[in-house]
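User: Please take a close look at one of the charged contacts in this model. Describe the residues that form it, and then the parts of the chain around it.

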Amino acid sequence: QRARVLADIRREDLQEKQALAEKIMELAKQGEESAAELASAKDAFEKAMAFDLVMLESFDLHELTIDYPGWPAPIVFEGPRLVDLLDAVGAAGEAVTVVALDGYAERIEWQDPSAYDWVLATRRDGGYLSIGRHGPAWLVYDAGPGHVYTAEDEARWPWAVFLVVVE
């Protein structure tokens with residue numbers, strides 16, 4: 001009985017793979033543009049990296065305090081540096097786009113991650129960020145001593161970050 005069930009599972013798996021191959025061939029027949037689009041999407045998917053909290057915390061964690069005038073009090077952020085994450089995956093490109101759960105996206109030109117001390121914070125004031133409380137991560141930067149933060153700075157700090165795309 002068990003062998004028959006396993007054979008059925010293998011047959012279904014083979015059928016799914018055949019259906020996928022047929023779909024790819026159909027897209028390829030639609031023209032070079034569709035095939036190129038498919039190849040690009042497949043390539044991007046194969047290069048994707050996922051980090052969970054344990055992995056993020058295995059990097060050196062950096063702490064920075066931001067005293068933005070629009071906030072009731074300074075906030076202490078802690079997390080890995082963005083450049084460390086990018087280096088770990090061998091990322092190269094012209095820009096990084098950071099996407100939040102609500103669809104907000106911030107594009108960072110490639111030289112910016114090293115121009116500022118960008119931190120992908122997973123903690124705020126000693127506690128973990130959670131969904132609904134600016135989590136799972138909040139990308140912030142330290143502009144250096146004496147910098148007076150503005151609304152333009154705050155607009156570049158996406159919270160509820162779940163995706164970083166290297167372009």
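Analyst: In this predicted model, glutamate 167 is partly exposed, with a relative accessible area of 37%. Its side chain meets that of arginine 107 in a salt bridge, with N and O 2.1 Å apart. Arginine 107 also counts as partly exposed, at 39% relative accessibility. The two residues come from distant parts of the chain, 60 residues apart: glutamate 167 belongs to the segment after S9, and arginine 107 to strand S4.

Strand S4 holds a partner in another such contact. Glutamate 106 forms a salt bridge with arginine 156, and the closest N and O atoms are 3.2 Å apart. Arginine 156 lies in the loop between helix H6 (151-155) and S9, while glutamate 106 is in strand S4, so this pair ties together parts that are 50 residues apart in sequence. Arginine 156 and glutamate 106 are both buried, which means under 20% relative accessible area for each.

The sheet around these contacts is open and has three strands, in the order S4-S3-S9, with antiparallel pairing. Strand S4 (105-109) and strand S9 (161-166) stand at the edges; each has a single partner strand, so one side of each is left without a neighbour in the sheet. From one strand to the next, the twist averages 20 degrees. Strand S3 (residues 95-100) is joined to S4 by five bridges, and the two run antiparallel. In this pairing, valine 99 stands opposite alanine 105 of S4.

On the S9 side, phenylalanine 162 is found in the strand itself and counts as partly exposed, at 48% relative accessibility. Phe162 belongs to a nonpolar surface patch with Leu101, Ile131, Leu163 and Val165, and together these residues have about 460 Å² of accessible area.

The two contacts described above can be set beside the others. The structure holds seven salt bridges. One of them joins the side chains of arginine 81 and aspartate 84, with N to O at 3.7 Å. Arginine 81 is partly exposed, with a relative accessible area of 27%.

There is a second open sheet, made of four strands in the order S1-S2-S6-S7, with antiparallel pairing. Strand S1 (61-66) and strand S7 (127-128) are its edge strands, each with a single partner, so one side of each has no neighbour in the sheet. Two bridges join strand S2 (residues 75-80) to strand S6 (residues 123-124), and these run antiparallel. Here phenylalanine 77 stands opposite arginine 124 of S6.

The remaining points concern the backbone in two loops. Most residues other than glycine have a negative phi, and most peptide bonds are trans. Aspartate 125, in the loop between S6 and S7, has a positive phi of about 50 degrees although it is not a glycine. Aspartate 125 is partly exposed, at 48% relative accessibility. The loop between S7 and S8 contains histidine 134, which is not a glycine either and has a positive phi of about 75 degrees. Histidine 134 is partly exposed, with a relative accessible area of 24%. Proline 136 is found in the loop between S7 and strand S8 (138-142), and the peptide bond from glycine 135 to proline 136 is cis, with omega near 15 degrees.

How values were computed:
Residues numbered from 1 in each chain as written. Predicted model: local features only at pLDDT ≥ 70, side-chain atom pairs only at ≥ 80, totals over all residues. Heavy atoms only, no water. Pairing = 2+ DSSP bridges. Axes fitted to C-alpha atoms, helices over the stretch in contact; angles between N-to-C directions. Patch = residues over 30% accessible without salt bridge, like charges linked within 9 Å, V, L, I, M, F, W, Y side chains within 5 Å. Areas by Shrake-Rupley, 256 points an atom, 1.4 Å probe, with all protein chains shown as cover. Salt bridge = Lys/Arg side-chain N within 4 Å of Asp/Glu carboxyl O. Buried < 20%, exposed > 50% of the residue type's maximum accessible area, 1.4 Å probe, protein only.
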